[in-house]
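Please open the structure in your viewer and keep the selection tool at hand. The tour moves from stop to stop, saying what to select and what is there.

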Amino acid sequence: MTEIRAADRPAPRSVPDVLDQAAVGGRPGVRPRVRSRRGRRTASTAARPSLTLWQRIKRDKVLLALMLPGFLYFAVFSYAPLFGYLAAFEDYQPYTGFIHSTWVGLQNFTDLFADQAFWSALTNTFVISLIQLILFFPAPIGLALLLNSVASGRIRKFVQSVVYLPHFIGWVVIVSIFQEVLGPTGAVQHMMSSVGLPRFDFMSDPGFFPWLVAIQAIWKDCGWGTIIFLAALLSIDQGLYEAAAVDGAGRWRRFRSVTLPGIMPVVILLLILRLGTILSVGFEQILLQRDTVGAKAGEVLDTYVYYHGVATQQWGTAAAAGLIKAVVGLVLVLGANKLAHRFGQEGIYRRGDR
C-alpha cells in the first residue's frame with residue numbers, strides 16, 4: 001500500500017466551513033454574503049422620516065391617556081405645592097398672597113433656629129425615627145421570610161389576611177385600643193397587679209413614648225410592608241435553592257447565599273426611600289398622644305409646624321420648617337443612593353454609562 005504523507009492529506013474543515021461551502025453551491029474558499037437583519041433594520045430606520053411631536057402624541061395617545069391621571073395627581077399634589085416654599089422667605093399673609101407679602105429673606109430661619117422648642121422637636125423626631133429604623137424596618141422582612149417558609153398555602157393566606165388588616169384601621173382606633181390594653185386602667189395593668197408587680201403606665205411615660213410609637217407602627221403596618229418583600233422572595237429562581245441543596249448547603253447557608261442577595265436590591269431601595277422621610281414620623285399618631293406625655297417628649301417636627309406655625313398663623317416659620325425637612329430628606333436620599341452605588345447596588349436610580 002502506498003503511504004499517504006501528512007502534507008498530502010486535506011486539512012480538516014470545521015462545521016462552519018462546511019456549511020459555508022454548502023451555502024455557495026459546494027465551492028470551497030468562498031464565503032457566502034449574509035445580509036444582516038440589524039443592517040436592514042438600521043437602513044429602514046434611517047430611511048424612515050422622523051415623526052413630529054404631534055405625530056408621536058397621536059401615535060401614543062392611548063398610553064398618554066392612561067398616564068394622564070397619575071401625571072395630574074403628582075402635578076397638583078406634589079409639584080404645585082413646591083411654590084408654597086416661597087412663604088419661608090416672606091412675612092406671608094394669606095389675604096395678600098405671595099406677590100404682595102413682605103420679603104424678609106432668611107429671617108424666618110433665624111427665628112426658627114433661635115426657638116428652643118424647635119430643637120427639642122428635632123431631637124424627638126430623630127430619636128423616634130432611629131428607633132423605628134431599628135425596630136420597624138426589619139420587621140416586615142422577618143415576617144415575609146417566616147410567611148415564605150410556611151408550607152401550607154391555606155395557613156399562609158390566613159396569616160397574611162390577619163396581619164394585613166390593621167393597616168386599614170385608623171390611628172384613632174389604634175390609639176384607643178392601646179389605651180385600653182396598656183393604659184392606667186388597661187388589661188396589662190390589672191394583670192401586673194394580680195401577680196404583685198408594680199403598675200407602669202406605658203401610655204403616659206415620656207421615656208417609653210418613642211418605643212410605644214414604634215410598637216404601634218409595627219402592629220399597624222408590619223403586615224402591609226411584607227407585600228413587597230414577599231414579591232421579591234417569589235421572584236428568586238427556585239433552581240438556585242435546589243442547586244445549593246445539591247452542593248450540601250444547609251438552610252442558613254442557602255439564606256445567606258441565595259435569599260439575602262435576591263432581596264437585597266429591594267431592601268436597599270426601601271431603605272433609601274425610608275431615609276428620605278426620616279423627619280416625618282406620623283402626624284396623626286403623634287398628635288393623638290402628644291398631650292398625654294407632654295410637649296417636651298411628644299413634640300416632633302410635624303406637630304411643631306402645626307402648633308407653632310399653622311395654629312398661631314406664623315406661616316413663614318411653618319414653611320421654613322417644612323423646607324428644612326425637604327432639604328434634609330433630599331440630601332439623605334442622594335447620599336444613600338451614592339453610597340449604595342459604591343457597594344455595587346442599583347439604589348433608586350443609576351446614571352447611564354456615557
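Contact, a word needed at the stop that follows, means heavy atoms within 4.5 Å, and helices are DSSP runs (H or I, at least four residues) numbered from the N terminus. The model is predicted, so local features need pLDDT of at least 70 and side-chain atom pairs count only at pLDDT 80 or more, while totals for chains, interfaces and linings use all residues. Residues are numbered from 1 along each chain as its sequence is written, and side-chain values use heavy atoms, with hydrogens and water left out.

Select helix H6 (residues 107-114) together with helix H18 (residues 315-342), where Asn108, Phe109, Leu112 and Phe113 of H6 meet residues of H18 including Gly316, Ala320 and Ile324. The two axes, which are lines fitted to C-alpha atoms over the stretch in contact, with angles from 0 to 180 degrees between N-to-C directions, come within 9 Å and cross at roughly 80 degrees. H6 and H18 are therefore roughly perpendicular to each other, a term for angles of 65 to 115 degrees.

Next, select Thr259, which is found in helix H14 (residues 251-276). Is Thr259 buried or exposed? Thr259 counts as buried because its relative accessibility is 8%, and buried means under 20% relative accessible area (1.4 Å probe, protein chains only). Leaving aside residues up to four places away in sequence, Thr259 touches Leu145, Leu233, Ile236, Tyr241 and Arg254. Thr259 and Tyr241 are 18 residues apart in sequence, and their C-alpha atoms are 8.6 Å apart in space.

Finally, select Trp54 in helix H3, which counts as exposed because its relative accessibility is 63%, exposed being over 50%.

How values were computed: Helix = DSSP H or I, 4+ residues; strand = E, 2+ residues; numbered from the N terminus. Parallel < 35°, antiparallel > 145°, perpendicular 65-115°, else oblique.
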